[in-house]
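Work through the exercises below with the coordinates open. Try each task before reading its solution.

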Amino acid sequence: MDTRFPDLRQYGGAEAFLRACKPNTVLEIFTSKWTGLVLGALLDGPRRFNELRRMLDGITQKMLSQTLRSLERDGLVSRTVYPTIPPRVDYALTDLGTSAMGVLRAIGAWAGEHADDVIAAREAYDKKAQEPVRSV
């Protein structure tokens with residue numbers, strides 16, 4: 001029996017459902033909750049690592065390091081090392097990172113507008129999930 005999935009590209013634009021789709025690869029950048037917060041923290045200009053860590057309540061040193069490294073790899077953040085003792089390292093948005101802020105602002109605005117709705121939906125779902133199952 002052939003269990004392969006059909007090539008969805010024949011349906012025009014359906015390549016978004018394929019694992020190797022280039023836009024999906026880029027969209028993965030924004031699946032971390034810390035990505036938007038780190039980019040937002042850099043919006044007003046370059047910041048040092050510990051400054052970012054103090055700004056981002058709840059982020060661990062390891063997670064901040066991973067997020068900054070990933071954003072630098074993806075071209076959204078630049079890392080500048082100054083030859084001082086001790087070395088000074090600044091992180092800043094690149095032009096590409098700045099261009100992503102419009103999308104992140106829109107998501108943030110939507111989240112602010114609908115936070116109460118989402119919280120209410122979660123509470124209703126959780127309440128329903130706790131109810132005993134009734135036999136028919």
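**Exercise 1. Val89**

Does Val89 count as buried or exposed, and at what relative accessibility?

Solution. Note that the model is predicted. Next, take its accessibility, which is 18%. The cut-off for buried is under 20%. Val89 therefore counts as buried. Now list its contacts, leaving out residues up to four places away in sequence: Val89 touches Arg47, Arg48, Phe49, Arg79, Thr80 and Val81. Finally, check one of these by backbone distance. The C-alpha atoms of Val89 and Phe49 are separated by 7.3 Å, although the two residues lie 40 residues apart along the chain.

**Exercise 2. The chain as a whole**

Give the order of the elements in the protein chain, from the N terminus on.

Solution. Count the elements: there are five helices and three strands. Then read them off in order: α-α-β-α-α-β-β-α. Residues 24 or more positions apart account for 42% of them.

**Exercise 3. Asp90**

Describe the surroundings of Asp90, and find the side chain with which its own side chain makes a polar contact.

Solution. Step one is location: Asp90 sits in strand β3, residues 88-93. Step two is burial. The relative accessible area of Asp90 is 7%, so the residue is buried. Step three is the polar partner: the side chain of Asp90 makes a polar contact with the side chain of Arg88, at 3.0 Å. Step four is the set of contacts beyond four places in sequence. Asp90 touches Pro46, Arg47, Arg48, Ser78, Arg79, Thr80 and Tyr82. Step five is a distance: 5.9 Å separates the C-alpha atoms of Asp90 and Pro46, which are 44 residues apart along the chain.

**Exercise 4. Arg47**

Which polar contacts does the side chain of Arg47 make with Ala41 and with Glu51?

Solution. Locate the residue: Arg47 is in strand β1, residues 47-48. Check burial: with a relative accessible area of 16%, Arg47 is buried. Take Ala41: its backbone oxygen lies 2.7 Å from a polar atom of the Arg47 side chain. Take Glu51: its side chain joins that of Arg47 in a polar contact of 2.8 Å. Arg47 touches Ala41, Leu42, Leu52, Met55, Val89, Asp90 and Tyr91.

**Exercise 5. Helix α2**

Why can the buried residues of α2 be said to line one face of the helix?

Solution. Start with the list: Trp34, Thr35, Val38, Leu39 and Ala41 are the buried residues of α2. Look down the axis of α2: these residues fall within an arc of 160°, so they line one face. Recall the geometry: an α-helix has 3.6 residues a turn, so residues three or four places apart point the same way. Name the packing partners of the buried residues: β1, α3, α4, β2, β3 and α5. Zoom in on Thr35: its relative accessible area is 5%, and it is buried. Beyond four places in sequence, Thr35 touches Ile29, Phe30, Thr67 and Leu71. Finish at the N-terminal end. Ser32 caps α2 there, with a side-chain oxygen 3.1 Å from the backbone nitrogen of Trp34.

**Exercise 6. α2 against α4**

How are α2 and α4 oriented to each other?

Solution. Take the helices: α2 spans residues 33-41 and α4 spans residues 61-73. Their axes are 10 Å apart and meet the packing angle of about 75°. Angles of 65 to 115 degrees count as roughly perpendicular. The two helices are therefore roughly perpendicular. Identify the contact: Trp34, Thr35, Val38 and Leu39 in α2 meet Met63, Leu64, Thr67, Leu68 and Leu71 in α4. Sort these residues: seven are nonpolar, two are polar and none is charged.

**Exercise 7. Two loops**

Solution. Asp74 lies in the loop between α4 and β2. At 27% relative accessibility, Asp74 is partly exposed. Beyond four places in sequence, Asp74 touches Ile29 and Leu96. Pro86 belongs to the loop between β2 and β3. The cis bond runs from Ile85 to Pro86, with omega near -10°.

Conventions
Residues numbered from 1 in each chain as written. Predicted model: local features only at pLDDT ≥ 70, side-chain atom pairs only at ≥ 80, totals over all residues. Heavy atoms only, no water. Helix = DSSP H or I, 4+ residues; strand = E, 2+ residues; numbered from the N terminus. Buried < 20%, exposed > 50% of the residue type's maximum accessible area, 1.4 Å probe, protein only. Contact = heavy atoms within 4.5 Å. Polar contact = N/O pair within 3.5 Å; in protein donor to acceptor, adjacent residues only side chain to side chain. Axes fitted to C-alpha atoms, helices over the stretch in contact; angles between N-to-C directions. Parallel < 35°, antiparallel > 145°, perpendicular 65-115°, else oblique. Nonpolar A, V, L, I, M, F, W, Y, C, P; charged D, E, K, R; others polar. Arc of directions from axis to C-beta.
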